[in-house]
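Have the model open as you read.

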Amino acid sequence: MLADLPRPRVLIVDDDDMTRLLATETLEGAGFEVFEAADGAAGVAAHAELTPDLMLLDVNMPGLDGYGVCAQVRARPEGSATPILVMTALDDVDAVERAFAAGATDFLTKPLNLPLLAHRVRYLLRAAQAFHD
């Protein structure tokens, strides 16, 4: 029965309260179980504790930035296959190349297109499952 299936777990790591709030409301409304972290170090710790199905990760954060978070998550066996959707206000090629070099799966530019966010997350989860299978 579909109601018995676990909801996909998404970890949002962003130092901006409003981005976390809007993304959380959007994804919860679409049926995802959402967890939040307000900085990079908390994001790495939350990933280790929760092992989410997908991580939505801001690039520009004080302290440990998104590139560092991405690299640390990828270095752990349980993070090697987690889809990581990087969010950035930087839409230049260098920022995108750095994100992919750190291990990002895909990227979004900010401000987020909230109506499309859940669709993008579902697509990445399906792709990850297909790769796993």
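## The main pocket

Helix α5, residues 114-132, is the top contributor to the lining of the largest pocket, supplying 9 residues. Keep in mind that this is a predicted model. In total, 20 residues line the largest pocket, and its volume comes to about 500 Å³.

## α1 against α5

Helix α5 also packs against helix α1 (residues 17-29): their axes come within 9 Å and cross at roughly 60°. The two helices are therefore oblique to each other, and α1 passes α5 in a right-handed crossing.

On the α1 side, the contact uses L22, A23, T26 and L27, while α5 brings L114, L117, A118 and V121. Sorted by class, that's 7 nonpolar residues, 1 polar and no charged ones.

## α3 against α4

Next up are helix α3 (residues 66-75) and helix α4 (residues 93-102), which pack at an angle of about 20° with their axes 8 Å apart. An angle under 35 degrees counts as roughly parallel, so that's how α3 and α4 run relative to each other. Here, too, the crossing is right-handed.

Y67, C70, A71 and R74 of α3 meet A95, R98, A99 and A102 of α4. This contact has 6 nonpolar residues, no polar ones and 2 charged.

Conventions: Residues numbered from 1 in each chain as written. Predicted model: local features only at pLDDT ≥ 70, side-chain atom pairs only at ≥ 80, totals over all residues. Heavy atoms only, no water. 1 Å grid on protein atoms, 1.4 Å probe; cavity = no way out; pocket = protein on both sides within 12 Å on 5 of 7 lines; lining within 4 Å. Points joined across faces, edges and corners; volume = space filled by probe spheres on them. Helix = DSSP H or I, 4+ residues; strand = E, 2+ residues; numbered from the N terminus. Axes fitted to C-alpha atoms, helices over the stretch in contact; angles between N-to-C directions. Parallel < 35°, antiparallel > 145°, perpendicular 65-115°, else oblique. Left-handed = near helix turned anticlockwise from the far one by under 90°. Contact = heavy atoms within 4.5 Å. Nonpolar A, V, L, I, M, F, W, Y, C, P; charged D, E, K, R; others polar.
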